[in-house]
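Please look over the model shown here. My notes follow as numbered points.

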Amino acid sequence: MDPIAGLQLGFSHALTATNLGWALLGCFLGTAVGVLPGIGPALTIALLLPVTFQVEATGAFILFCGIFYGAMYGGSTTSILLNTPGESGSIITALEGAKMARSGRAGPALATAAIGSFIAGTIGTLGISFLGPIVVELALKLGPAEYFSLMLLCFVTVSAVLGGSALRGLTSLFLGLLLGLIGIDLQTGQPRMTLGVPELLDGVNVVLVAVALFAVGETLFLAWRHVEGSRQVRAVGRIMMSRADWRRSLGPWFRGSLLGFPFGVMPAGGTEMPTMLSYYTERKLAPPEAQQEFGTTGAIEGVAGPEAANNAAAAGVLVPMLTLGLPTSATAAIMLSAFQSYGINPGPLLFEQQGALVWTLIASLYVANVMLVVLNLPLVGLWARILKIPQPQLYAGILVFATIGTYGISNSVTDLVLLYGIGVIGMFMRRFDFPTAPVVIGMILGPMAEQAMRQALTISQGDWTTFVTRPVSLAILLLAVAALAVPRIYGAWMRRPVPGPG
Amino acid sequence: MPDRRALLTGTAGLLAAGLTQARAQTAAQPRLGSLYMFIPAGPGGGWDGLGRAIEQVARQAGLVANFQFENVGGAGGTVGLPRFVSQRRGRPDALMVAGSIMVGATLTNRTPVGIKDVTPIARLTEEAGVVVVPASSDIRDLKGLLDALRANPGAVAVAGGSAGGTDHITLGLILKSLGRSAKEGSYVAFAGGGPAQAAILGAQVKAGISGLSEFAEQIKAGRMRALATTGETRTDPAIPTLKESGVDVVMTNWRGVFAPPGIRPDAREKLVALMIELHALPAWQEMLKTRDWQDAFLTGDAFTAFLAQDQVKTEAVLKEIGLA
């Protein structure tokens with residue numbers, strides 16, 4: 001079935017009253033779980049698996065996809081308003097988003113995230129419809145060596161978030177790498193730095209660390225510095241995006257989408273790497289006056305780009321699932337088990353054998369996307385009003401919210417000890433001006449890069465040249481070198497002593 | 001303590017529960033009022049699937065009136081296991097789903113609490129593994145792969161699940177049967193089935209080992225070539241077993257249920273009887289068929305003996321690889 005005929009069939013099924021109802025329910029649930037840290041789409045869909053006993057397959061999958069897309073929309077909300085990312089893909093959004101909210105631009109930040117999510121979701125869904133099978137075949141050509149090179153590229157671009165002092169930034173990055181080492185090593189099955197605590201065998205959850213450093217650390221810092229005396233209320237500012245906001249968001253939305261989708265399709269890509277690369281790109285491409293806002297009052301480019309990248313990557317994750325039956329994320333794995341409880345075995349033949357179901361599902365993604373933007377844009381004003389809560393109460397609320405969310409990740413008291421332990425570290429880091437973002441980035445990239453490197457070296461029998469003899473890997477490495485060197489050379493060139501006249 | 005997750009499960013299951021409860025009432029007095037089911041893995045996986053299948057069948061047949069679930073995932077079940085052992089000690093109404101993965105994981109993690117600390121009740125299902133090569137590979141059959149492994153095991157990168165797991169042990173056993181050391185193998189561990197399958201489909205590795213159900217669709221679509229399955233007998237009539245191809249290796253991923261430590265003998269008997277009754281139900285046989293699970297029913301002392309043997313075999317291979 002060609003894509004156009006498929007979509008026609010799909011929309012004819014997706015636009016029935018029942019299926020629209022399922023999509024709406026999914027979007028609502030998804031937005032809600034996206035807002036709550038700890039409860040992600042994977043857990044929600046797993047908890048809803050029993051509906052597969054009662055509801056026909058099409059309805060159930062429309063519901064699940066609505067939840068999946070909705071969670072991506074909702075994830076940015078708490079990142080921006082409370083500096084409390086709900087899932088790892090929206091950690092980067094918190095960097096500029098929370099700063100914008102603090103300087104009274106919560107409305108535009110939320111709006112650019114919602115519209116960016118819509119654009120990225122639509123581009124991603126178009127990608128699923130028309131490019132899916134082609135892109136996935138290309139993605140299969142990437143092996144561990146290429147993934148390692150990609151992660152090196154991300155490490156290089158991380159310098160953009162290191163902050164003013166390279167020494168402080170690198171210290172933070174290494175703290176993150178250290179935290180990432182905790183747990184069972186995938187290649188040998190041996191526990192590392194778990195101190196005999198069984199809860200640490202599975203490693204430290206990165207969302208927990210982000211919440212601890214960004215939200216708990218900040219709150220403890222403010223309590224410590226006795227700012228509660230001034231019962232000040234943050235300015236909420238204007239809700240809608242100004243003409244300038246639109247102009248500045250447009251490029252990042254599209255660049256982020258184009259960056260995110262292929263990463264989502266890659267079997268070991270994920271949503272985190274493209275958000276980092278997008279952040280770096282936007283920071284480098286921003287005009288000088290916007291550059292000033294990065295890291296200070298919050299630049300809208302730094303929200304629009306990564307948020308679009310996150311959503312496009314999330315759409316991309318569905319491609320290997322639908323075309324090859326490969327579960328490349330926790331959510332996709334659970335959706336696959338839902339397919340199985342209907343007696344459908346997802347695999348390379350899914351499009352042929354279950355054409356109607358798959359195309360209905362894809363059509364419902366377009367529908368869900370429209371519903372979500374319609375649902376979320378009016379909510380922007382409502383959400384932004386949260387900031388009208390006086391600061392002491394607001395921060396107390398953030399603590400409660402972070403604590404409940406963290407307990408929800410694994411129902412474990414150990415996690416709460418970690419949350420507050422790392423929160424105290426975050427408080428001191430804030431006090432002594434160490435940036436906290438590199439910790440989280442080191443924690444995400446470190447373990448991924450380590451495993452990819454060791455997988456690549458096992459395959460090459462310990463031959464390190466594998467990273468430069470594989471052409472794609474070499475190309476990515478050259479890009480990393482360029483990202484490292486070009487800005488410095490360019491800077492030196494601009495500052496070169498110009499011989500004066502005469 | 002009712003937490004939010006349990007609450008959510010409750011609401012989600014409401015639809016399903018409404019129907020099953022109605023049927024349960026028509027049956028005779030249930031054997032057990034309520035049963036606490038502990039899953040040492042996240043929702044949606046193999047252990048979770050088995051636990052919820054037991055719930056579905058047992059409740060419909062009126063064997064157990066009420067189920068309560070708790071999932072504590074991570075590290076091959078070794079995060080959840082200590083919690084089950086300490087919190088449920090001596091309780092007659094609790095079961096934990098576990099299997100061969102946990103045997104290997106407790107050995108490699110060197111956790112103080114092991115599968116020996118729980119009370120074996122019944123083995124329910126097993127799944128044979130399958131050895132595959134990418135469709136583009138020039139290795140045509142098992143003999144080709146064995147020759148390559150015999151010549152230089154290091155040059156044959158094999159992808160599979162986490163290190164020390166069933167797939168890794170299978171490779172170790174194959175190498176041992178070829179007269180090589182298990183340590184010489186070049187095993188590439190991947191987190192989760194997706195990335196491992198991608199590495200095989202993209203021919204990043206020479207071969208792959210995993211559960212048959214994970215690779216079945218790729219084999220059917222002709223994107224992977226199945227060389228052998230690892231069960232005692234053929235699971236798929238078209239694929240030979242390792243044993244009949246002259247490699248004396250049998251390795252399956254089994255799953256079963258365990259009671260907490262320190263329960264009274266009559267409580268253990270009651271749980272064993274419950275499982276025997278469940279296994280005899282037509283609905284259970286139906287469930288095995290729809291889920292494509294191999295029946296591997298074994299209870300009581302026979303299961304305990306099997307477990308001890310499995311433990312010894314696993315430990316020997318892991319020691320040789322250097323992981324235990």
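1. A crossing of helices is left-handed if the near helix is turned anticlockwise from the far one by less than a right angle, and right-handed if clockwise. In this predicted model, α3(A) passes α4(A) in a right-handed crossing. Helices (H or I, at least four residues) and strands (E, at least two) are DSSP runs, numbered from the N terminus.

2. The contact uses P41(A), T44(A) and I45(A) of α3(A). From α4(A) come F64(A), I67(A), F68(A) and A71(A). Contact means C-beta atoms, placed from the backbone, within 7 Å. Six of these residues are nonpolar, one is polar and none is charged. Ala, Val, Leu, Ile, Met, Phe, Trp, Tyr, Cys and Pro count as nonpolar, Asp, Glu, Lys and Arg as charged, and the others, Gly among them, as polar.

3. Between the chains, 50 residues of chain B are in contact with 48 residues of chain A. On the chain B side, α1(B) gives the largest share, eight residues. That side has 23 nonpolar, 21 polar and six charged residues.

4. Chain B splits into domain 1 (4-126 + 253-321) and domain 2 (128-245). The bounds come from an automatic or database domain assignment. The domain centres, taken over C-alpha atoms, are 29 Å apart. Here 14 residues of domain 1 are in contact with 15 of domain 2.

5. On conventions: residues are numbered from 1 along each chain as its sequence is written, and chains are lettered from A and ligands numbered from 1 in the order in which they are written. The model is predicted, so local features need pLDDT of at least 70, side-chain atom pairs count only at pLDDT 80 or more, and totals for chains, interfaces and linings use all residues.

How values were computed. Two residues are in contact if their C-beta atoms, placed from the backbone, lie within 7 Å.
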